[in-house]
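The exercises below ask you to work through a set of side-chain interactions, one step at a time. Have the sequence and the model open while you read.

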Amino acid sequence: QVQLVESGGSLVQAGGSLRLSCTASGIIFSIKTMGWYRRPPGKQRELVALITSDGSIVYADSVKGRFTISRDNARNTVYLQMNSLKPEDTDVYYCNADVVTSRGFEYRFWGQGTQVTVSS
């Protein structure tokens, strides 16, 4: 079993910064893609950013130039540096990881989420 634990969510004023972390633990052979998602009110869950095992990165248009995703493969951890935060960034942020087992099977796991609140 694999667990993802997020941290770093908080209340911050508009224009401020936060750094989210998500660490995977358990029986892990390797991790392919790791990503961050959020679910705005009344909308479906949306991608914020993802990073592949070889370092390829994708950002949502709404966060380009403000957020930076990175990962530490040795620690099975993905980070999301969030700068110039806006009230519309307020949401619960979830991380996920595509984990490969020693038998070569691949599973997607999700964290419980961390709350980010940006006040105007």
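A salt bridge is taken here as a side-chain nitrogen of Lys or Arg within 4 Å of a carboxyl oxygen of Asp or Glu. The model is predicted, so local features need pLDDT of at least 70 and side-chain atom pairs count only at pLDDT 80 or more, while totals for chains, interfaces and linings use all residues. Residues are numbered from 1 along each chain as its sequence is written, and side-chain values use heavy atoms, with hydrogens and water left out.

**Exercise 1.** Work out which residues are linked with R38 in a network of salt bridges.

Solution. Begin with the whole structure, where a search finds seven salt bridges. Next, take R38 and E46, whose closest N and O atoms are 2.8 Å apart, and then R38 and D89, which meet at 3.1 Å, N to O. The latter pair links distant parts of the chain, since R38 lies in strand 4 and D89 in the loop between strand 8 (77-82) and strand 9, 51 residues apart; strands are DSSP runs of E with at least two residues, and helices are runs of H or I with at least four, numbered from the N terminus. The network as a whole consists of R38, E46, R66 and D89.

**Exercise 2.** Decide whether R38, E46 and D89 are buried, partly exposed or exposed.

Solution. Apply the cut-offs: buried means under 20% relative accessible area, exposed over 50%, and partly exposed in between (1.4 Å probe, protein chains only). R38 has a relative accessible area of 4% and is therefore buried, and D89, at 1%, is buried as well. E46, at 26%, is partly exposed.

**Exercise 3.** Classify the aromatic pairs of the structure, and find what lies over the face of W110.

Solution. Rings of Phe, Tyr and Trp (its six-membered ring) pair if their centres lie within 6.5 Å, and planes under 30 degrees apart count as stacked, over 60 as edge-to-face and the rest as tilted. The structure holds two such pairs. The rings of Y37 and W110 have centres 5.1 Å apart and planes at 65°, so this pair is edge-to-face. Because Y37 belongs to strand 4 (residues 30-38) and W110 to strand 10, the pair ties together parts that are 73 residues apart in sequence. Y107 and F109 form a tilted pair, with 6.4 Å centre to centre and 55° between the planes. Finally, R45 lies over the face of W110, 3.9 Å from the ring centre, where a charge counts if NZ of Lys or CZ of Arg is within 6 Å of the ring centre and within 35 degrees of the ring normal.
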